[in-house]
Amino acid sequence: MAQRHPRFHPFRATPGRTLPIAVAALCVVALAPSASAATHHRYTPGSEGVGDAYFPLEGNGGYDAQNYSLDLTYDPEYDQLDGVVTMTARATQDLSSFDLDLSGMDVQRVKVDKHKADYKRRGQELVITPRKGLRKGKTFTAVITYGGVPQTIVGSPIVFGSPYGFLHTPDGAFVGDEPNGASTWFPVNDHPSDKATYDFKITVPKGLTAVANGLPDGQRNGNAAFSRRSAATAASTFTWRERYPMASYLATIDIGKWDVKQGKSPGGVNNYTAVDPVLLQNQPDAVNFFFDTTSEATDLWSKLFGKYAFETTGAIADDARFNGQPLGFSLETQSKPVYSAVRDTETIAHELAHQWFGDAVSPERWKDVWLNESFATFAEWYWAEKQGGRTVHDTARAYYNARPFPDRAGHPYWSVVTADPQRDTMFNDRVYSGGGMALEFLREKIGDDAFFTTLRTWYAQHKYGNGNTAQFTALAQKVSGQDLTQFFKDWLYSPIKPELPQG
């Protein structure tokens with residue numbers, strides 16, 4: 001994520017539009033007594049969270065999601081999203097019931113392995129009880145039919161009040177979910193520790209295009225029934241597939257009018273770039289700008305960090321606003337980041353570095369978010385140096401010198417612990433530039449060979465999975481052959497300003 005700066009004014013904690021939500025009966029399906037109640041006591045409910053201290057209810061225990069198939073219909077005229085989501089998962093315990101995360105929306109029915117299942121809503125928890133207990137190791141499917149108006153998250157101190165999640169635009173939607181916005185528009189195990197592959201089938205009114213993660217896999221034109229309209233309407237259906245494991249916060253569907261350019265980077269990576277034509281009014285070359293910069297950055301990071309992990313790179317650039325105010329963020333959605341306006345090349349390089357650090361390798365818990373943001377910040381500085389700008393050495397020291405200690409009142413920086421920044425300050429600049437400094441000073445301490453070997457090894461060992469801070473620091477010590485205990489204590493775990501290394 002490109003940093004959301006606190007200079008953006010917080011938005012009101014109410015949705016930007018007040019629209020009637022389609023009424024769907026929130027009922028519990030009447031079934032015969034659950035088989036699990038009469039069977040062996042070993043069947044127990046999955047936990048309602050994965051144990052993340054920052055987001056105790058995000059994610060769920062008892063199963064490992066393998067794939068999500070999202071069959072969605074979105075009608076921008078009414079902001080109405082209707083969907084059927086099929087999750088294929090493997091039980092990791094003998095399950096009597098399990099949860100999915102879903103905020104708002106109306107659930108109409110649930111099936112598990114083709115049989116109707118009991119369900120109830122408890123806050124963001126959708127609690128599902130299948131007819132029969134699910135044995136540990138069993139692969140099962142859960143099909144949820146639902147609909148409503150996805151509500152944008154606003155007023156959160158985590159992102160300095162900036163709106164995020166599902167954002168309704170004049171011609172469609174712009175979706176950026178980090179850290180907990182995915183569950184506002186589809187039922188999901190909403191934590192980066194449970195990655196899955198994704199299939200998207202998105203139906204929209206004719207004249208609009210839906211772009212999502214991965215590669216396009218077909219388009220069909222015809223008529224479709226939209227739940228708020230009295231008759232079938234001319235529509236188009238777009239299919240996308242993300243075949244590599246993806247954390248839920250990286251999922252996106254972006255709907256509107258787009259100028260699209262497809263091709264390959266000089267290094268041979270597929271590139272799908274979509275730009276809102278509105279942005280061309282002020283920057284006529286925006287499509288080529290995003291396409292070319294994306295290709296250059298993807299190829300550079302492939303050489304520096306290791307072969308690109310996914311089937312395509314790209315960009316989705318929208319004229320995205322909330323209550324008329326331009327959005328202030330970009331986000332590393334997997335395979336093609338989203339940008340809420342035309343951004344500079346440093347931001348593009350930052351978001352693409354996340355494809356290695358954040359997307360291919362995701363944090364095990366949200367306190368490990370520096371493994372995303374600090375690494376992308378270091379890469380952004382490295383990019384600037386390669387473009388003829390200030391060296392990373394000088395950039396790190398400039399940030400160090402610009403931050404006084406003690407922190408100014410109301411402006412925490414050094415008091416934020418990089419490797420455990422706390423929920424409401426997890427995107428504080430200490431996690432970005434402070435961690436960027438830590439990486440540059442580590443590089444200077446152990447040398448370029450050991451440093452870049454550490455980054456490439458980290459990526460190779462944890463690709464398509466997750467990692468934590470203890471694993472990274474142990475790897476750096478092993479590769480360098482140095483005792484880095486005090487260094488990491490100073491730069492990752494200290495709430496004060498460490499002494500500037502000499503050099």
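Me: How is the expected span of a helix worked out?
Reply: Take 1.5 Å times one less than the number of residues in the helix. In this predicted model, helix H4 covers residues 370-386, which is 17 residues, and the expected value is 24 Å.

Me: What reach does H4 have from its first C-alpha to its last?
Reply: H4 spans 23 Å, close to the 24 Å expected. Just after H4 comes Gly388, with a positive phi of about 95 degrees.

Me: What makes H4 "mostly covered"?
Reply: A residue is buried when its relative accessible area is under 20%. In H4, 14 of the 17 residues are buried.

Me: Why is Thr169 called buried?
Reply: Its relative accessibility is 3%, and the cut-off is under 20%, so Thr169 counts as buried. You will find Thr169 in strand S10, residues 165-169.

Me: How do you know that the side chain of Thr169 makes a polar contact with Gly172?
Reply: A polar atom of that side chain lies 3.0 Å from the backbone nitrogen of Gly172, and the limit is within 3.5 Å. The backbone nitrogen of Ala173 lies 3.2 Å from a polar atom of the Thr169 side chain.

Me: How do you know that strands S4 and S8 pair?
Reply: Pairing needs at least two bridges, and four bridges join S4 (residues 95-101) to S8 (residues 125-129), running antiparallel. Phe98, for instance, has Ile128 in S8 as its bridge partner.

Me: What makes S1 and S7 edge strands?
Reply: The open sheet has the order S1-S4-S8-S7, with mixed pairing. Strand S1 (44-45) and strand S7 (118-122) each pair on one side only.

Methods. Residues are numbered from 1 along each chain as its sequence is written. This is a predicted model: local features need pLDDT of at least 70, side-chain atom pairs count only at pLDDT 80 or more; totals for chains, interfaces and linings use all residues. Side-chain values use heavy atoms; hydrogens and water are left out. Helices (H or I, at least four residues) and strands (E, at least two) are DSSP runs, numbered from the N terminus. Buried means under 20% relative accessible area, exposed over 50%, partly exposed in between (1.4 Å probe, protein chains only). A polar contact is a pair of N or O atoms within 3.5 Å; within protein, one must be able to donate a hydrogen and the other to accept it, and residues adjacent in sequence count only if both atoms are side-chain atoms.
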